[in-house]
Amino acid sequence: MKILKLIIKNALRHKLRTTLTIIGIAIAVIAFGLLRTVVTAWYIGVDASANDRLITRHSVSFIFPLPYAYKEKISRIQGVEEVSFANWFGGVYRDKNQFFARMAVDANTIFNVYPEFQLSDKEKSDFLKERNACVIGYEIAKQYNMKLGDIITLEGDIYPGRWDFVLRGIYQPKTKTTDATQMFFHWEYLDERLRAEAPDRAGDVGWYIVKINDPNQSAAISDQVDAIFRNSPAETKTETEKAFAQGFIQASDAIINSMNVISFVIIGIIMLVLGNTMIMAARERTREYAVLKTLGFNAKHLIGLILGESMVISFLGGGLGLLLTFPIVAGFEANIPKGMFPVFQIEPVTIILAVSAALLVGIAASIFPINRTLSTRIVDGFGHIG
Amino acid sequence: MSELIKVNNVSKSYWRDSFEIPVLNDITLCVNEGDFLALMGPSGSGKTTLLNLVAGIDKPTRGSIEVAGTDIAKLNESSLAKWRSNNVGFVFQFYNLIPVLTAFENVELPLLLTKLSKAERRKHVETALSVVGLADRMDHYPKQLSGGQEQRVAIARAVVTDPIILVADEPTGDLDKHSATEILTLLERLNKEFNKTILMVTHDPHAAEKAHNVRHLEKGDLV
């Protein structure tokens with residue numbers, strides 16, 4: 001018989017209480033994992049930002065367009081490798097609940113500035129050949145069972161009317177954090193129709209994507225871009241892609257911060273649940289610990305017994321919770337619109353945090369019972385004076 | 001026979017808030033090797049306290065206690081724990097077996113603190129359980145044993161490390177007459193056959209009859 005066996009036997013002594021504690025910890029870990037996954041999904045755009053890309057937008061707001069003519073001027077700045085642009089199209093596919101990003105882009109350059117959207121040469125070539133061709137992300141193709149050659153029809157809202165596209169490419173995400181839920185089509189297709197139907201809206205783009213040679217020059221190049229268009233009718237604001245992405249989620253900061261706080265409050269709750277169990281266990285075993293001390297077991301042994309029991313329960317609960325978090329997160333992912341959280345998965349940091357939390361909870365929950373056990377004199381443990 | 005235990009002018013007091021409660025007053029006592037001493041006295045007379053002091057699970061307020069040449073009152077907690085595991089076997093009134101461990105595992109507990117191999121531990125445990133007549137019940141849990149059998153397991157646990165002294169605090173206090181007789185016979189056998197020095201606290205004159213010497217305590221004084 002080893003001490004570990006005694007630890008496990010002690011942990012399972014009150015099966016119902018231990019089971020309830022393990023379930024409580026597991027539920028808390030699931031809640032923690034789910035909240036952290038939402039938080040990381042929210043920040044995924046920021047985390048996936050490239051440091052060699054700048055975004056130039058209208059200085060007032062992202063929703064105001066910029067002239068197409070800016071592209072050439074930005075391209076001439078030293079240190080700029082390539083300039084592309086995009087325009088938020090919006091529109092409705094099937095119904096308003098089917099949301100994913102749809103953008104009119106510079107078809108010739110978009111895949112150069114976004115190498116993480118991986119498209120075969122054949123698909124790229126086919127996309128460039130046809131004015132009404134489009135490319136969609138792999139996740140969208142999978143969700144709607146779309147195949148190359150399919151016609152995708154959008155009902156325009158920002159740009160009214162019926163818009164038909166031919167699917168010529170399905171891009172693959174380079175990494176797990178790459179957004180594979182977008183749709184790109186030729187900006188010229190949009191612009192041509194605007195020239196015919198709404199000439200005052202033609203010739204504009206939403207924002208420019210500026211790929212630079214040296215990320216260390218991002219601040220200087222941003223200043224140069226904005227300086228060119230200062231005092232023009234459409235002044236610009238240029239910033240790193242990361243800052244641009246952060247600007248998008250800034251409005252939701254309070255909610256995200258609250259979720260962050262709640263996820264850590266949950267750890268506190270787990271600590272109380274396990275702490276309560278351990279205190280009850282240690283109190284019930286006061287006499288047994290006195291016996292062990294009498295037999296010669298020292299402080300190290302008793303710390304090992306109590307801490308070990310706490311860790312066993314904590315890791316059983318944490319492990320169970322973590323195991324269940326994966327299918328639960330997968331279930332959530334399957335049931336939320338793809339465009340809402342393009343990447344919704346448990347990040348390694350969430351697993352590390354959950355395991356660390358289990359470790360911390362196991363240690364913290366054993367502190368009070370250990371202190372109580374060690375400070376109780378043997379004769380007091382036996383509870384009588386002769 | 002040489003003097004194994006020397007209790008010299010030992011006093012013990014407990015404190016409740018600012019009140020000192022004297023329990024033992026200037027006790028001097030010698031116990032020879034191989035002796036079987038019974039301590040008797042009314043409740044609160046200090047007999048268990050004296051037993052605890054000799055066994056090294058409590059410390060005197062004043063005086064010294066020498067066991068086999070070691071002044072145990074001067075040992076720190078860690079050294080005292082080690083000393084107890086090497087030198088003292090304990091038998092309690094309420095057996096104090098660990099309920100989640102089998103008889104075998106309960107007896108094996110003190111041996112986990114030694115460097116014995118698993119096979120050696122098994123041999124020692126089987127021998128100890130044979131001595132108390134429970135070799136056939138080693139896989140039973142305490143709740144599957146009678147009170148007398150539990151106490152015999154506790155005795156096996158007390159002797160498995162081959163301690164020089166055995167302390168027994170009311171070992172028959174929770175047993176029926178038949179079981180009590182069995183336990184007393186066993187203690188007597190351990191004393192005679194295995195030359196174990198035994199200190200036993202008891203209220204029971206029948207139990208005290210088994211001892212070589214009987215000392216009485218009254219309000220903390222040895223009379």
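Modeller: Chain A has 15 helices and 12 strands, where helices (H or I, at least four residues) and strands (E, at least two) are DSSP runs numbered from the N terminus. This is a predicted model, in which local features need pLDDT of at least 70, side-chain atom pairs count only at pLDDT 80 or more, and totals for chains, interfaces and linings use all residues. Residues are numbered from 1 along each chain as its sequence is written, and chains are lettered from A and ligands numbered from 1 in the order in which they are written. The C-alpha trace of chain A spans about 105 × 45 × 35 Å along its principal axes.

Now the sheet, which is in chain B. Six strands form an open sheet in the order β6-β7-β8-β3-β9-β10 (chain B), and the pairing is mixed; two strands pair if DSSP finds at least two bridges between them. At the edges stand β6 (88-91) and β10 (221-222) of chain B; each has a single partner strand, so one side of each is left without a neighbour in the sheet.

At the β10(B) end, β9 (residues 213-218) of chain B pairs with β10(B) over two bridges in the antiparallel sense. Within this part, Leu217(B) is opposite Leu222(B) of β10(B).

Towards β6(B), helix α5 (residues 147-159) of chain B lies across β6 and β7 (165-169) of chain B, and runs at about 170° to β6(B). Axes are lines fitted to C-alpha atoms, for helices over the stretch in contact (C-beta atoms, placed from the backbone, within 7 Å); angles run from 0 to 180 degrees between N-to-C directions.

Key: Contact = placed C-beta atoms within 7 Å.
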